[in-house]
Structures are given as C-alpha cells and as structure tokens.
Amino acid sequence: MTEIQQDSGLITVTIDGQEVKVKSGEVLIDACEEVGVDIPRFCYHKRMSQVGMCRMCIVEVDTGRGPSLQPSCMMDVSEGMIIDTQSEEIKKVQDGVLEFLLLNHPLDCPVCDKGGECPLQDQTMAYGPGETRFVEEKRHFEKPIPISDNVYLDRERCILCDRCTRFADEVVGDPLIQFIDRGNSTQVNTFPEDPFASYFSGNIVQLCPVGALTAKPYRFKARPWDLEEIESTYPNPLGDRIVVQSSRDQVLRLQGLDSEEVNWGWLCDKDRFSFEAFQSEYRLDNPLVRGGGLNKADKSGSGLVAASWAGAMSIITESLNGTDPDRVGVIGGSRLTNESQYAWAKLAKGVIGTDHVSADLGDELPPHVLLGLPRATISEICSPGNTVVLLTPDLKEEYGTLFIRLRDAAKNLGVNIIELSPVKTALSSDAVASLHPLPGEIGNVVEALVTGNIPREVGGISGEEISQAHTYLKDTNVFVVVSRSSMGQSEVPIIEALTSFQELENCRFLPLVRRANTMGALDMGMAPGLLPGRNTLSSGSSAFSDIWTNLPAETGANTKQILQKASDGEIDVLFLLGADPLTDFPNKALAEAALQKVETLVAVDLFVTPSVYESDVVLPATSFLEADGSHTNVEGRITPIRQKITPPGTARPDWMIAAEIAYRLGHDLEITAPEDVWEEISSRSSVHGDLNYGRLDDEPGGYLITATGRIPFVPVEERIETRPVDSYAMRLILGRRMFDKGTITQMSSSLSHLAEQSQLRINQYDFERLGIKEGAQVEVTSEGRNISISVKVDNRVPRSSALIYRNLDGADPRELLIEGTHSIDIRIDPTSKARS
Amino acid sequence: MSIPLITTSRWDVEDGHTLEGYLRTGGYEGLRRAIEMTPDQVHEEVKKASLLGRGGAGFPAGIKWGFLPPDVWPRYLVVNGDESEPGTYKDRLLIERDPHQLIEGCVITCFALGLSQCFLYVRGEMAHGQERVAAALNEAYDHGYVGKNILGTELSVDVVLHWGAGAYIVGEETALIESLEGNRGMPRLKPPFFPASIGLYGKPTIVNNVETLSNIPWIIEHGGDAFAKIGAEQSTGTRIFAVSGHVQNPGVFEVEFGTTTFRDLIMGEQYAGGIRDGNSIKAFIPGGASAPWFFEEHLDIPLEKTVVDNEGSMLGSGAIVVMDETTDIVKACHNVVRFFSRESCGKCTPCREGTNWLEKILDRILNGYGRPEDIDLLLDVCDNISPGISWPPKQTTICPLGPSAVSPIASALKRYRSEFDAYIGSNTVTPVSVDGGSS
C-alpha cells in the first residue's frame with residue numbers, strides 16, 4: 001500500500017471531513033483548490049515565494065499535534081493531515097481579516113479601475129461584513145503617485161500583500177519598490193529619485209489584488225464588465241500567451257496568460273503596452289501608390305497617394321505579367337502568421353515561380369542552424385540539475401519572459417547557467433560562470449570549454465575560468481540557448497561554437513530568432529530552397545508540384561543576395577512583407593541602392609517605415625489583433641492568434657492579399673480562410689503531422705513540433721584564426737535595447753519616449769586609458785568610415801571591447817560594419833583632442 | 001539566603017568592562033576550562049544547568065542547541081542584543097558593564113556547537129553599549145580570546161558586530177535574522193523557518209539572548225550541577241529582573257531564580273523598596289509589556305517560569321512594571337497598546353490594522369468620545385487578533401506582537417472595567433473626527 005502511494009506521489013488528507021487524495025508536497029491552499037475547496041487569499045501567488053502575510057487563507061490544521069491556525073499558503077500537505085476550512089472559528093478569523101483590510105481601504109470602487117475584477121471586492125461580497133465598525137478617519141496618502149513611466153500607485157488602496165514588491169525583487173531582479181515605514185504607516189514606494197524603471201512594470205498592475213497599481217494606458221478607459229476578451233498569442237519570438245481585452249472594438253489592455261510552457265503569465269512592457277501602436281493614427285488603413293494625385297499612379301511621382309485596392313493591385317499584376325520569375329523577389333514575412341506565410345510562399349514559389357524568397361533580414365542565424373539542431377523546450381531547459389549555456393546577448397533586453405524563466409531556474413531549480421555573452425547581463429550574477437569572449441573568438445572559447453582541452457588564455461578568458469565552467473558540463477544534461485548576439489560578429493564563430501557543442505552527448509538547443517515568427521516562416525517555406533514542412537526544393541518538390549504548379553527549379557537568393565541582385569538591376573519587382581531593410585539590414589548602403597533600383601517596389605505593412613516610404617505600391621495589412629491565424633515560437637510551439645477587433649480601414653490579412661494577387665494572375669490559391677492552409681499542408685508536411693487547427697485553442701501548450709532532421713545542420717570545417725585586438729583598437733559589439741526606434745515601440749505613445757540616445761559604452765579602465773570625459777563626443781573609425789558618438793562608462797563591457805546599442809536616436813553603428821569579416825575593430829579618436 | 005552573583009558580579013567593578021578588569025576578576029576562566037573539555041561535554045554541562053533562555057520565551061538553551069541538524073554546514077550563532085521590550089534594560093547593562101563575559105559566552109558556545117562564526121546584534125540605540133562591546137571585542141581579538149587559534153588551540157571563532165536600526169520587532173529572532181541579512185526586519189513564519197534548521201542565510205542558526213550567553217562562562221567554570229543547585233527545580237540559577245514604575249528604588253536586580261517572589265522583589269528593601277509615597281499597588285506587569293497584567297493577589301507568586309505561566313502570564317524578558325493606585329488604567333492601557341501599534345512591522349494584516357484600530361478606539365475613549373458598545377468592540381477586535389483571548393495566546397499573526405497588544409486590554413478590562421465605563425459615561429454621540437484623525 002505504502003509503495004503504491006509513493007509511486008503515485010499521492011497522500012491522504014482530510015479536508016472538511018472528506019478524505020481525499022492529494023499530491024505529496026503540494027502547498028495546502030493549492031491542494032484544497034484542486035479538490036474544489038476554495039480558500040480566499042491575497043498575497044499568495046503560485047509563481048512567487050510564499051510570505052503568508054495577508055492572513056486571509058488561515059485554516060485550522062491538525063498534523064497530529066492538535067489543531068492550530070495556520071496560513072494554508074505556507075504549509076505543504078502531509079500524510080494524515082486534517083484540515084478544517086469551514087469552522088466557526090475560521091469563519092470569524094476570515095471575516096476579521098477582511099474587516100481589517102477594509103478599515104483603511106478607501107472603498108472608491110465606483111471610480112477604481114479594478115472595480116468589477118477586484119479580489120478584495122469579490123471576497124468582501126463572499127466573506128466580509130456588511131457594514132464597517134470603524135468610525136475613525138481612514139489612513140491618507142497622496143492619491144496616485146507615478147512610480148514609473150507607465151504605472152501609478154495609490155497607497156490608500158494598497159493592502160500590502162507584497163505581490164508587486166516580491167515580483168520586482170524575486171521574479172525580475174529589479175528591487176526598486178519596497179515597503180517603507182512600519183506598522184500602520186507601512187507603504188509601498190520607490191526610493192527617492194529612483195523610479196520603478198523595470199522592463200516588466202506592467203506585470204505588477206496585473207498582479208495587484210486591488211486597484212492600488214494602475215497602468216497609464218488603461219486608466220479610466222473601461223470597466224471590466226464592458227470588456228470582452230480572447231486568448232491569443234503575442235507575436236514575439238517566444239510566443240508569449242496573452243489575453244486581449246477590448247471594448248467597443250478598441251483593444252484596451254493586454255494581460256499575460258499563465259501558460260505553464262511559456263511565459264507563466266508574465267509579459268514585458270514592450271509587448272504589454274504595444275497595443276497602442278496598432279490603433280494609432282499612423283496605422284496604414286488604405287492602399288497607397290506612388291503618384292501625382294488621388295488614385296493617379298505615376299512612378300515618377302514624388303509622394304505616396306491614396307489608391308483603391310483595385311488600382312494598387314493592377315499596378316502589381318501589370319508589373320508581374322511577363323516578368324521573368326527570376327527577376328521577382330520577396331523579402332520579409334517573419335511578422336506574418338503561419339497561414340499568411342504559407343499563402344505568400346505559395347504565391348511566390350507556386351504561382352509566380354521565384355525562389356528569391358527570404359524572411360530574414362541578414363541578422364538571423366541561417367536556416368540550417370535554426371532548423372537543423374535538435375531543439376529543446378523552455379520547460380525542458382528549466383529542469384533541476386541541468387546546465388544551460390547561453391550564447392546570447394542580454395536576454396532581459398530582448399527575450400523578457402525567457403529571462404524570467406531562466407532566472408527562476410537558476411535561483412530556484414538548481415539549474416547551472418554558463419553565460420558566454422559579449423557583455424555582462426542581468427543573468428550574470430545568477431550564472432555559475434559568466435564569461436565574455438572577445439567578439440569573433442567564441443568558437444575557440446567553446447571548443448576549449450567543451451573538449452576540456454584548455455589553453456592558458458583564449459578569447460580574452462583565462463583557462464582557469466574555462467576549466468571551472470567545464471566542470472558543469474559533466475554528468476548532466478547540457479542545453480544551449482543561442483542567437484546572433486552581436487551584429488559586430490559574423491555568424492561563423494557561432495556556428496563554430498555550435499559545432500563543438502554537437503560533440504557533447506545529448507546536447508540540445510534553443511535557437512533564438514530576432515523577429516516574431518521567423519520559425520514559422522522557415523517551416524512555411526519562406527527561405528530560398530525551402531518548401532513548407534521542412535521540405536526542400538531538391539527533395540520535396542514532388543509533394544507540392546501538384547498544387548504549386550510553377551515551382552522554380554533552382555535554389556534562389558537570400559536577402560543579401562536579393563538586395564545585391566536588385567542593386568545590380570536584376571530584380572524588377574520586389575515585395576517587402578513587413579520588412580524594413582533600410583533600418584534593419586546590416587548594410588544600409590546596399591539596401592538603399594537596391595530599393596532605388598527596383599522597378600516596382602511593393603510593401604505590405606502596418607506603418608510607413610523608411611522602406612515603405614520608398615515603395616511604389618503600399619498595401620495595408622492586419623495586425624495580430626485583427627486577424628485569425630497561428631504563430632510558431634522558437635521552441636516550435638504553434639499557438640493560436642485570434643482576431644479581437646476589426647481591421648482599420650480596408651486593411652486585409654496578408655494571406656488574403658496573396659490570394660488576391662494570385663487570383664489576378666489567373667491562379668486560385670484555394671485559401672479562403674486560415675484553416676484551408678492546414679488542410680493543404682497536413683498531408684504534405686513532415687513536421688505538422690497531426691496538428692488540428694480547430695483544436696488549437698483547447699490545448700494549453702498549443703501544438704509542439706517535435707520532428708527533427710530533414711534540414712541538416714552544416715558544421716564549420718575550417719576554424720577561423722584567433723585575432724587579438726591591438727592596443728590602439730577596441731572590438732565592436734552591437735547590442736539591442738528593449739526600447740529602441742523600432743516601429744511598434746515608436747508608435748506606442750506610452751513607450752516611444754523610453755528609447756535612449758545612441759552612445760558608445762566602454763569599461764572604466766579603457767575610459768581612463770583614453771583620457772576622455774564622460775559624455776564627450778568622439779570619432780569612432782573602422783576601415784575609413786566613421787561616426788561621431790558620445791561616450792558612456794559601462795562596466796558591464798569587458799576591457800578592450802566597445803558596445804553600441806543599435807537602432808537608437810543618433811549615430812547609426814551600421815556605418816562601422818565591414819562585410820566579410822568575423823569581427824570588427826574600431827579606433828576611438830577623442831574629437832576635442834584631435835582638434836587641439 | 002546568600003547566592004553568588006553569576007552575571008552581574010562585575011557591575012560594580014569600575015574597569016570590569018576592560019580586559020584587564022575582566023581578567024583580574026576571573027575572566028576567561030570558563031573558556032580556558034571549556035577548551036580542555038570536548039564540545040559535547042560543554043554542551044552537556046549547559047544541559048545539566050537547565051539554563052532557561054532569558055530572552056522571553058524561556059526555552060532551555062541546552063535543548064535548543066540540540067536542535068541543530070547534524071552535518072549541515074555552515075551554521076551560525078546569533079546573539080540577540082536587540083533588547084527593546086518596554087521596561088527591560090538588563091541586556092544593555094550586561095553589554096555596557098561586562099562585555100567580555102558576553103564575548104566569552106559566545107566563544108564557549110561556538111566551541112560547544114562547532115561553529116566558527118558568531119553575529120552579535122546590538123540594538124541601534126545602545127550607543128554606550130556599542131562602544132564598550134566594540135572596544136572589548138578588539139581587546140579580545142588582540143589577546144587571542146577571539147579570532148584565529150584562540151588561546152593557541154585549533155579553535156577559531158569570528159564575532160561580527162551588527163548595529164540594529166531601531167525596530168522593536170527585530171527582537172523577534174526570525175525578524176532579527178532578516179535584519180541581519182540586510183532585509184527589512186519582518187518575522188518569518190515558523191514552520192518552516194525555525195532558525196535551528198533554516199536560519200541566517202538559510203543555514204542552521206542558534207539565536208540566544210545576551211543574558212543567556214552571559215551565564216555560560218560561570219556554568220562552565222563552576223559546572224552545570226552547581227548552577228542547577230541555585231534556584232527552583234525548573235527555573236535554575238539566578239536571573240536579572242528590571243523593576244520600573246511606581247517603586248521607591250527602580251533598578252536591575254540579580255536574584256535567585258524561581259524562589260524569590262514578586263513581593264520580595266517589589267517590596268524588598270534591598271531591591272525595589274516598595275511602592276512610592278507609601279501608595280498601594282494597583283497592578284503590575286510581570287514580564288515585559290507583552291505579558292498579561294498581575295494584581296495585588298499575585299504578589300506572592302515566585303519568580304518561577306511554570307508557576308507564572310500557569311497563572312496566565314509570563315516572566316518574559318524579566319521586566320516588571322509596577323503601577324500604583326494613582327494610575328489611570330485606561331491611559332496605561334492606551335500607552336502600551338500605542339507602543340505595539342507603532343512597533344508593528346506591518347507584515348500581518350491583523351496586527352498592522354488591528355493594533356492601530358485598538359489604539360484609535362482607546363484614544364477616542366480617553367478623549368470623551370467613547371461609546372458603550374466600544375468595550376465589546378475592543379474585545380472583538382482583540383478576538384480577531386488573538387482568537388479566544390486566552391493564555392498562551394492563539395494568534396492570527398506570524399509572531400506574537402499582535403497578541404501582545406491584546407494582553408493589556410484583556411487584563412485591564414477584566415479587573416478595572418469600571419474605569420473604562422467611567423470614561424465613556426453616558427456618551428452616545430458617535431464620534432467621527434473630521435480633522436484628519438487622532439494620531
């Protein structure tokens with residue numbers, strides 16, 4: 001009997017007189033909930049540590065030493081435990097705690113954002129007294145004070161549950177809000193002159209069990225009972241699950257959905273508050289054509305003018321008719337849903353017949369890396385005892401919820417993190433080893449790390465540090481999280497490193513991508529040589545040739561090659577699908593030349609980006625709030641994207657635009673709704689085998705692609721030579737910030753001002769060596785090209801390296817990039833000195 | 001009967017706080033003896049002495065030491081010198097007048113428990129004590145009584161001084177640990193955070209009071225049996241009591257534990273010398289402000305833990321506060337409740353909100369705005385903080401601070417309800433203050 005109990009992990013406890021089986025080691029409050037006994041609570045949150053301070057969940061527990069009052073959130077169940085949640089004494093205690101909480105609570109529910117979805121309000125209705133016995137004056141604080149750019153704190157409403165403060169400290173490591181004062185004057189507040197400048201500030205608003213924390217974008221916008229909501233997916237690389245809430249066809253709020261597999265309910269501010277952008281006045285809501293007046297297309301025209309869909313479409317079909325398919329290209333598509341990507345791939349490869357289709361913008365890892373490595377899920381990585389190697393930049397800046405999951409794994413699950421990042425990151429202090437290889441040298445560092453064949457020094461890291469890290473690779477499961485960490489380094493050193501890791505037994509990978517649905521784009525065939533379901537032109541065309549009638553024979557060009565062809569005058573029609581090469585492509589000059597030269601440039605986008613501005617035809621597309629579809633995250637997890645509001649103006653889903661173009665070219669894509677794609681694909685894809693689009697909403701973890709192979713990883717055969725930095729130069733690192741000049745951030749009024757100025761960040765040591773003043777303007781030179789930029793001391797940057805964040809106001813560090821090199825050395829010339 | 005002074009023997013020695021004075025009066029003899037014994041033998045002597053903890057709860061120190069789980073390292077000794085209970089000022093004097101005795105007690109304890117790190121947490125307000133203990137510790141380091149290879153042996157112990165920041169609640173051991181870790185001083189819930197298993201930095205930790213450790217040198221020097229012979233069967237040795245309030249001669253007195261009565265201490269010529277101005281006694285607090293009050297009929301109870309516990313109060317921190325016949329019971333009650341209200345750390349709802357509400361109700365009653373129903377309200381609020389208002393108290397809070405505010409109200413209402421009624425009188429006006437509250 002006992003053996004069976006141990007096997008199943010179940011134990012017997014008595015809850016309110018009923019003997020029930022519950023999971024051993026479970027927290028009492030959760031165990032009760034699972035058997036249908038609801039215990040009121042405020043401070044308890046299963047994604048954070050327990051503090052037992054609201055005292056609302058007190059129950060009577062007898063573990064054999066007589067009954068005692070215990071908070072059920074602080075106790076694990078044990079065999080034979082007797083729990084009473086309903087006794088007269090418990091009822092009185094719960095009534096009492098509620099009365100205490102309400103004593104100083106302002107009861108301004110009619111004007112409170114939380115009213116209607118407020119746990120305090122709900123529990124007062126369920127458990128609380130009808131009238132107050134408190135006749136004294138309530139506690140007063142200044143009404144809402146801003147604690148960050150987007151969050152307001154009303155301390156009168158606060159019930160001091162410690163949720164926001166715990167979140168800030170434990171979950172994201174930004175302990176910028178704290179309890180101050182004591183006793184009845186206890187309050188949550190920031191430190192003077194130090195706002196709660198967290199990338200995750202919106203989460204505390206969602207966590208707050210009362211209306212003490214409110215978010216600027218939502219304040220006074222709606223009442224909860226007027227909101228309609230739908231579960232969806234935020235199109236970012238991790239596919240964070242969200243709830244989209246709207247009222248009167250306006251999205252008013254995005255909330256994190258507690259998905260066990262992905263984001264645990266958390267969201268970063270960049271995503272949470274971005275809904276403003278999609279409803280901004282700058283959204284494209286009508287086709288535009290280059291011309292000289294309303295609906296008067298004229299390719300020599302200087303501006304974009306409004307046009308009808310028919311008018312815009314006819315320009316596209318005219319330009320395509322009779323054009324050699326080899327002179328047509330498609331760049332972008334990683335913003336699209338899987339279904340739209342399929343439709344565009346089918347249009348380009350199956351109808352037009354070009355293979356010059358590439359979703360990336362020259363800043364992603366190549367498809368064979370993204371698809372060819374054995375993948376791991378986030379939850380598999382974050383399991384006790386694992387070792388995780390990060391070949392990534394600062395995850396906190398770019399992959400917020402993955403940062404949270406890994407931080408939790410390191411702090412609470414005993415996961416050992418070895419960090420190989422260009423600069424110190426927010427995870428450095430939680431890592432067992434935090435190493436910062438010189439850009440370009442990571443392949444050599446990893447070779448030493450994996451083989452244990454360790455030289456005295458490699459890539460700026462001492463052999464001692466590497467051998468210490470090496471010990472964590474033994475007798476454990478090793479997982480590698482990898483991305484293009486810095487644009488200042490080519491992908492070759494990273495592929496070198498991955499080649500070394502493949503020598504480890506059972507090593508698995510989580511390759512990260514820059515843009516939301518790059519994984520989906522690859523699985524839908526939006527890369528040269530690829531067909532949907534990881535079929536290739538060479539091996540899989542037979543599966544598609546019946547419905548993709550004009551399949552090209554030769555593997556086409558990637559983004560860089562397409563742009564090169566275009567600038568050489570070899571591309572007549574170029575489609576940009578939510579892509580902005582002028583801003584994102586590393587070689588800005590090449591992108592400019594290419595877009596200039598193309599005869600007909602067609603942009604399908606949400607906003608007028610710099611590249612859209614150069615286009616001849618602009619078609620307005622729908623955002624993830626306005627059309628159904630699905631999304632593939634970096635794990636290969638497919639989750640639903642659901643329409644909540646109607647698109648602005650005449651904007652259409654991307655798949656519909658593709659179908660329309662095909663139709664006008666005399667072909668029927670046979671896609672009239674997203675589900676049609678899956679009917680076509682399921683029999684032909686080796687990786688989407690049993691995906692049931694209709695049931696996607698019912699699966700909490702979505703559909704996980706588990707199939708591997710087919711697109712093999714191509715290892716690097718020849719090692720690149722070590723290249724030390726000479727003492728006059730510094731190695732360049734290009735990083736990214738959460739808030740930059742990215743379109744969505746800039747179009748969100750709550751976020752646009754959070755982007756900083758472009759700066760050159762160097763170590764204090766180098767700073768003093770150069771003898772310059774903080775904030776001074778310097779000339780930065782690489783191979784004859786130079787930019788002028790101000791200097792900031794940042795000790796996260798290792799010596800002999802210099803960090804510039806990309807896509808900020810000010811100097812554009814892309815100027816410094818040199819094609820064909822694996823790393824870039826710059827020279828810093830203090831301007832003032834040079835002048836004197 | 002004559003008993004030896006165990007902990008206060010050097011209080012009248014002018015240089016007793018210096019190493020020279022300490023050594024001249026037999027200091028560090030206990031340590032010398034201890035290092036000739038095995039750690040287990042030292043522990044055994046303390047068990048034999050059945051030394052009760054002097055901080056408030058009165059748990060036997062030797063048994064507490066035994067709670068350390070075997071083979072979990074590192075582990076720590078934390079000395080609770082955050083004496084803040086109103087009326088209690090024995091630890092302060094021990095720190096000021098005999099710091100070496102405390103340091104010696106720490107080192108012996110570390111030896112007995114196999115520890116090498118001790119944290120001495122001294123209340124922030126004890127400026128003089130801080131100077132004395134810091135100077136003593138420097139001397140002890142210089143002369144090899146603390147630090148590496150103590151007295152030339154393998155024993156190495158480091159003592160770290162830490163000054164508190166002035167919160168009463170940090171006298172609670174788990175809050176003290178939080179404070180020591182650099183966090184806000186808020187108690188942790190036991191279970192699971194029993195310091196002996198999950199204490200400082202999550203490691204097994206023994207938290208002992210200053211007076212408890214100050215007894216250790218004498219116990220080791222003279223043997224646990226000699227200590228146990230003094231005092232009553234379960235309350236052994238001597239104990240320091242601080243008598244304050246309406247007595248002729250308030251002060252700190254070391255008396256035989258368990259046999260001396262409250263009457264001896266309060267009325268005895270050699271001790272507090274009786275009530276001031278020949279007045280009669282109205283009530284007294286037997287063990288610090290948290291303890292339920294005693295009255296005249298309790299005077300002949302011995303200062304013995306179990307007897308006092310059975311009578312419905314506690315000896316607590318050894319602070320006796322005497323109130324004579326001129327005392328306004330409602331004001332006294334308000335005074336104590338206000339203390340707890342202001343010192344609540346703010347963690348648990350019932351304590352944070354409840355104690356403040358109690359203070360506000362009493363404040364109202366004192367200002368002539370009491371209502372007849374306020375008495376029942378007071379008791380019901382008390383009941384919501386400490387269900388049943390019984391002794392020992394049940395509590396809806398993590399630590400006993402909340403229930404501590406219940407004690408004076410329950411005691412005062414039990415005996416002197418008429419004084420509350422007199423304040424309330426026939427007032428039936430519902431008092432709603434509109435000028436921003438009372439406190």
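Reader: Let me begin with chain B. Among contacts between residues at least 6 apart in sequence, what percentage join residues at least 24 apart?

Author: In chain B, 72% of those contacts join residues at least 24 apart. Please keep in mind that this is a predicted model.

Reader: How many helices and strands does chain B have?

Author: Chain B has 16 helices and 8 strands. Its radius of gyration is 22 Å, close to the 22 Å that the globule rule gives for 439 residues, so chain B is as compact as a globular protein of that length.

Reader: And what does the C-alpha trace of chain B span along its principal axes?

Author: The span is about 75 × 45 × 35 Å. As for burial, 58% of the 439 residues in chain B are buried.

Reader: Which domains does the assignment give for chain B?

Author: The domain assignment gives domain 1 (19–229), domain 2 (238–324) and domain 3 (329–424) of chain B. Between domain 1 and domain 3 of chain B, the C-alpha centres are 35 Å apart. Their contact involves 10 residues from domain 1 of chain B and 7 residues from domain 3 of chain B.

Reader: What kinds of residues does domain 1 bring to that contact?

Author: On the side of domain 1 of chain B that touches domain 3 of chain B, there are 8 nonpolar residues, 1 polar and 1 charged.

Reader: Turning to the sheet with β5 to β8 in chain B, what is the strand order?

Author: The order is β6-β5-β8-β7 in chain B, in an open sheet of 4 strands with mixed pairing. At the edges are β6 (251–256) and β7 (281–285) of chain B, each pairing on one side only. From one strand to the next, the twist averages 30°.

Reader: How do β5 and β8 of chain B run, parallel or antiparallel?

Author: Strand β5 (residues 238–245) and strand β8 (residues 319–324) of chain B run parallel and are joined by 4 bridges. Within this pair, B:A242 is opposite B:A319 of β8(B).

Reader: Now the other chain, please. How many residues of chain B are in contact with chain A?

Author: In chain B, 33 residues are in contact with 26 residues of chain A. Three helices of chain B, α13 (329–343), α14 (349–366) and α15 (374–385), each supply at least two residues of the side that touches chain A.

Reader: Which element gives the most to that side?

Author: That is α14(B), with 8 residues. The side of chain B that touches chain A divides into 11 nonpolar, 14 polar and 8 charged residues.

Reader: Which strands pair with β19(A)?

Author: Strand β18 (residues 387–391) of chain A pairs with β19(A) in the parallel sense over 4 bridges, and A:T387 is opposite A:N416 there. Strand β20 (residues 433–435) of chain A also pairs with β19(A) in the parallel sense, over 3 bridges. In β20(A), A:S434 is the bridge partner of A:E419.

How values were computed. Residues are numbered from 1 along each chain as its sequence is written. Chains are lettered from A and ligands numbered from 1 in the order in which they are written. This is a predicted model: local features need pLDDT of at least 70, side-chain atom pairs count only at pLDDT 80 or more; totals for chains, interfaces and linings use all residues. Two strands pair if DSSP finds at least two bridges between them. Axes are lines fitted to C-alpha atoms, for helices over the stretch in contact, and angles run from 0 to 180 degrees between N-to-C directions. Domain bounds come from an automatic or database domain assignment. Two residues are in contact if their C-beta atoms, placed from the backbone, lie within 7 Å. Ala, Val, Leu, Ile, Met, Phe, Trp, Tyr, Cys and Pro count as nonpolar, Asp, Glu, Lys and Arg as charged, and the others, Gly among them, as polar. The radius of gyration is taken over C-alpha atoms; the globule rule is 2.2 Å times the number of residues to the power 0.38. A residue is buried if 20 or more other C-beta atoms lie within 10 Å of its own, exposed if 12 or fewer, and partly exposed in between; C-beta atoms are placed from the backbone.
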